Structures are given as structure tokens and as C-alpha cells.
Amino acid sequence: MINVLVRIILAFVVLCLSLVSCNTNSSQKELKTEEVSFTKEGELSISRKDSIIVSKIDIEIADNEYERQTGLMYRSSMEKKQGMLFIFKDEQPRYFYMKNTEIPLDIIYISNKMKIVSMVKNAHPMNESSLPSNAPAQYVLELNGGMADTWNLKVGDSINYSEM
């Protein structure tokens, strides 16, 4: 009788463990990040040293800690005449990276005098390597990868922007 009771308890324990460890519940939610869409918050023009405008683009503005940390993460595309302008309170060496960024970007570092001081062209998506400025910057402009070459941007070119 005890032998039968032990077998029944053992079978019950095995059944309970198998139900817990083999969860086939399809109602488990998969963690999925929603894609962020572009929101025009301003306009920016890029000019040569001789004041000839190279391009005008629509921009999103990242001017608080959360927006600067998130940047263009979780986006699968961006229009050619769109970008994100990061605004910092002071000018200092800057370091960006491409964590959770799905599209290649040109990263343009800009001084407090609104002049381009350095660029990182075609930064690789999802790469977490540090991408430093070559000089202190107060602003950083992110564009689709290849746009700096398309517009033939150079150190010394300038930007001007207005918020909406």
C-alpha cells in the first residue's frame, strides 16, 4: 500500500514539473519595439564657406537627455532630406555610437559657431564602437549615410536652423 502511494505521489510530482517546465502557452508576449516615425520640429540649411546653400532639410530636434540618448534608434528608414539635430548646452568633445540604430548614418559634429568641425561617414548600423568628434562640438547632425558625400560637405561648412 505504501509503495502504491509513493508511486502516485511521484507520478503527481513528475506531472506538475512537466507542466511547469514545458510551457507551451502561446499567449506569452514577445517583446517588440515599435518603430518611431519622423516628426518635423524644424528646418536646417547647410551652407558652404561662400554662403551658398548646399541643402535644406527637415529636422527633429534632440535637446533633452532622453531624446539625445535615443536619437534615431529603432527606425528602419529616413527620407533623404530629413535628419536629427542634437543640441547640447556646451561645446566639448562628443562621442556617438550606433546602438539599436538600423540605418547607416553620417554623423556631423558642429561647433558652437555653427561650423562643421568633423564627420563620421556611413556609420555602420548596430555598431557600438565609439565614434568621436575630432574637435569640440555643441551640435551634432545625423543624416542618412552617404548624404555628406552627396552634398560634398566639408569641415568649415556651416549650418543654420530654426525650430517650428
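Predicted model: local features only at pLDDT ≥ 70, side-chain atom pairs only at ≥ 80, totals over all residues.
Strand β5 covers residues 105-110 and strand β6 covers residues 116-123, and the two run antiparallel, paired over 5 bridges.

Now for the rings. Searching the whole structure turns up 4 aromatic pairs. In one of them, F86 and F96, the ring centres are 4.9 Å apart and the planes meet at 85°, so this pair counts as edge-to-face. F86 belongs to strand β3 (residues 82-92) and F96 to strand β4 (residues 95-96), so the contact ties together parts lying 10 residues apart in sequence. With the cut-off for buried set at under 20% relative accessible area, F86 qualifies because its value is 1%, and F96 qualifies at 9%.

F96 also pairs with Y109, again edge-to-face, with 6.0 Å from centre to centre and 85° between the planes. Here F96 sits in β4 and Y109 in β5, so the pair ties together parts that are 13 residues apart in sequence. Like F96, Y109 is buried.

Put together, ring pairs join F86, F88, F96 and Y109 into a cluster. F88 has a charged neighbour too: the charged end of R94 sits over the F88 ring, 3.8 Å from the ring centre.

Terms used:
Residues numbered from 1 in each chain as written. Heavy atoms only, no water. Pairing = 2+ DSSP bridges. Helix = DSSP H or I, 4+ residues; strand = E, 2+ residues; numbered from the N terminus. Phe/Tyr/Trp six-rings, centres within 6.5 Å; stacked < 30°, edge-to-face > 60°. Buried < 20%, exposed > 50% of the residue type's maximum accessible area, 1.4 Å probe, protein only. Lys NZ or Arg CZ within 6 Å of the ring centre and 35° of its normal.
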